[in-house]
Amino acid sequence: MYFISILAVILVTVILTYSVSLQNFMSWPSLLLILLLSIPILISSGLFRDFNNAFHIALGKKKTAA
């Protein structure tokens, strides 16, 4: 299942890169509304740190075991 999700992300990226502009798929007012609603909810529930750590773990460098 993990492999299928990676292939789907690659496929969507290729399609968006070569076929149409990103503006056709993205609505800036909708994105802004989602961020303005979700970030305060994460902060007030105390889950923003976990949300932030998820991105640090996914995008961060791997540490070697000492």
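Ser44 is exposed, with a relative accessible area of 64%; exposed here means over 50%, buried under 20%, and partly exposed in between, with a 1.4 Å probe and protein chains only. I begin with this residue, which sits in helix H2. A polar atom of the Ser44 side chain lies 3.1 Å from the backbone oxygen of Ile41. Such a polar contact is a pair of N or O atoms within 3.5 Å; within protein, one atom must be able to donate a hydrogen and the other to accept it, and residues adjacent in sequence count only if both atoms are side-chain atoms.

Colleagues, this is a predicted model, in which local features need pLDDT of at least 70 and side-chain atom pairs count only at pLDDT 80 or more, while totals for chains, interfaces and linings use all residues. Residues are numbered from 1 along each chain as its sequence is written, and side-chain values use heavy atoms, with hydrogens and water left out.

Let me turn to the overall architecture. The protein has three helices and zero strands, in the order α-α-α from the N terminus. Helices (H or I, at least four residues) and strands (E, at least two) are DSSP runs, numbered from the N terminus. The average pLDDT, the predictor's confidence in each residue on a scale from 0 to 100, is 80, and 79% of the residues score at least 70. Confidence is lowest in H1, with a mean of 81, and highest in H2, at 88.

How much of the protein is buried? Of its 66 residues, 2% are buried. The protein exposes about 6400 Å², of which carbon and sulfur atoms supply 74%; accessible areas come from the Shrake-Rupley method with a 1.4 Å probe, and for residues only the protein chains shown count as cover.

Which residues make the nonpolar surface patch? Trp28, Leu31, Leu35, Ile39, Ile43, Phe48, Phe51, Phe55 and Leu59 make it, over about 870 Å². Patches are made of residues with over 30% relative accessible area and no salt bridge, nonpolar side chains (Val, Leu, Ile, Met, Phe, Trp, Tyr) being joined within 5 Å and like charges within 9 Å. A salt bridge is a side-chain nitrogen of Lys or Arg within 4 Å of a carboxyl oxygen of Asp or Glu. Helix H2 (28-45) and H3 each supply at least two residues of the patch, and H2 gives the most, with five.

Within H3, Phe55 is partly exposed at 44% relative accessible area. Phe48 is partly exposed at 32%, and Phe51 at 39%.

A search of the whole structure finds one aromatic pair. The ring centres of Phe48 and Phe51 are 6.4 Å apart and their planes lie at 35°, so the pair is tilted. Rings of Phe, Tyr and Trp (its six-membered ring) pair if their centres lie within 6.5 Å; planes under 30 degrees apart count as stacked, over 60 as edge-to-face and the rest as tilted. Because Phe48 and Phe51 are three residues apart in helix H3 (residues 48-59), about one helical turn separates them.

Finally, helix H1 (residues 2-18) holds Thr13, which is partly exposed at 44% relative accessibility. A polar atom of the Thr13 side chain lies 2.7 Å from the backbone oxygen of Val9.
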